[in-house]
Amino acid sequence: MRLFIIISILSLLFYKDSNAQNTNQGRPKVGLVLSGGGAKGFAHVGVIKAMEEAGLYPDYITGTSMGSIIGGLYAMGYSADEIKEIGLSIDWDKVLSNEISLDKVAIEEKDYYDRFIIELPFRNKKIGLPQGLIEGQELGLLLSKLMRPAHHIHDFDSLSIPFKCIAVDIENGEAHVLDSGSIVQSVRASMAIPTFFTPVLMNNTLYIDGGLLRNFPVDEVKEMGADIVIGVFVSNELSEKEDLNSMVNLLAQSAFVHSALDSEEQKKGVDIYIEPDISEYSTASFWSTDKIIASGELAGQENLNNWQIH
């Protein structure tokens, strides 16, 4: 409850209609690219904080997966400190589960709620398997509350900072740039990790995590008009054969080979490349958010000399 009260107050007080445009007149346009990486994506917050301390605000933002959530919040007008406070206040055990608070369950369903060990979907008169381990109701509710100030904005170019995120149409295997519609649904689609989170149906298209094809959307921020690109990369590189010692590791690497190769190509278009030292953390290290943010801030500060942009 305390988190949502804080969010509501911050939403009213700190929604900035033009913080980037007013700060950056008379210099090259700067694009900020934030990769996916699960919990490691909180390093983006630290880097953004270092940018703020250097007096540098991006003109455009693109992001994928966790990068889309951090990027979307920042594009709306949240500061790095505000996003940090939000991240540290989240009950991750609750958000990363399928459990729904009993007070949110309809009265007629309370007697049946959570009575069964497993529940399977019934589609087309057949019992099937779920599309993901986590339906994401609590995550969707959290995103809706965080992004409520932008609920009336359908063109993401109209946010404080123009913003785009990436998701993949699982039906035809194409990466889509999401830049209009519901920002909540868009970032939720961008981070719908296959088999972990359920996909998102939006405009009759079934979307999954954009990191499957375009985890580091550099080309997209250049197309928006960026003259200088700052890229923050927090994803894992491809593993060596010695580390591919389990079925899970092999499956994960197989799924993201294309994305890893694409990211290497995208990196060539970055002017200032930042890769925080977060190797000791994993994509699931949400309970180390404070340390991951600190690592991002340190990486940002180490690159301050590169940020004398006029």
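This is a predicted model: local features need pLDDT of at least 70, side-chain atom pairs count only at pLDDT 80 or more; totals for chains, interfaces and linings use all residues.

Modeller: Residues are numbered from 1 along each chain as its sequence is written, and side-chain values use heavy atoms, without hydrogens and water.

Colleague: How are α3 and α11 oriented to each other?

Modeller: Helices here are DSSP runs (H or I, at least four residues), numbered from the N terminus. The axes of α3 (residues 43-53) and α11 (residues 289-302) come within 6 Å and cross at roughly 40°. Axes are lines fitted to C-alpha atoms over the stretch in contact, with angles from 0 to 180 degrees between N-to-C directions. Under 35 degrees counts as roughly parallel, over 145 as roughly antiparallel, 65 to 115 as roughly perpendicular and the rest as oblique, so α3 and α11 are oblique.

Colleague: Which residues of α11 make the contact with α3?

Modeller: Contact means heavy atoms within 4.5 Å. From α3 come Ala 43, Val 45, Gly 46, Val 47, Lys 49, Ala 50 and Glu 53. Their partners in α11 are Ile 292, Ile 293, Gly 296, Glu 297, Gly 300 and Gln 301.

Colleague: How are α7 and α8 oriented to each other?

Modeller: The axes of α7 (residues 137-146) and α8 (residues 183-190) come within 9 Å. They cross at roughly 135°. α7 and α8 are therefore oblique.

Colleague: Which residues of α8 does α7 meet?

Modeller: α7 brings Leu 139, Gly 140, Leu 143 and Ser 144. In α8 they meet Val 184, Val 187 and Arg 188.

How values were computed. Helices (H or I, at least four residues) and strands (E, at least two) are DSSP runs, numbered from the N terminus.
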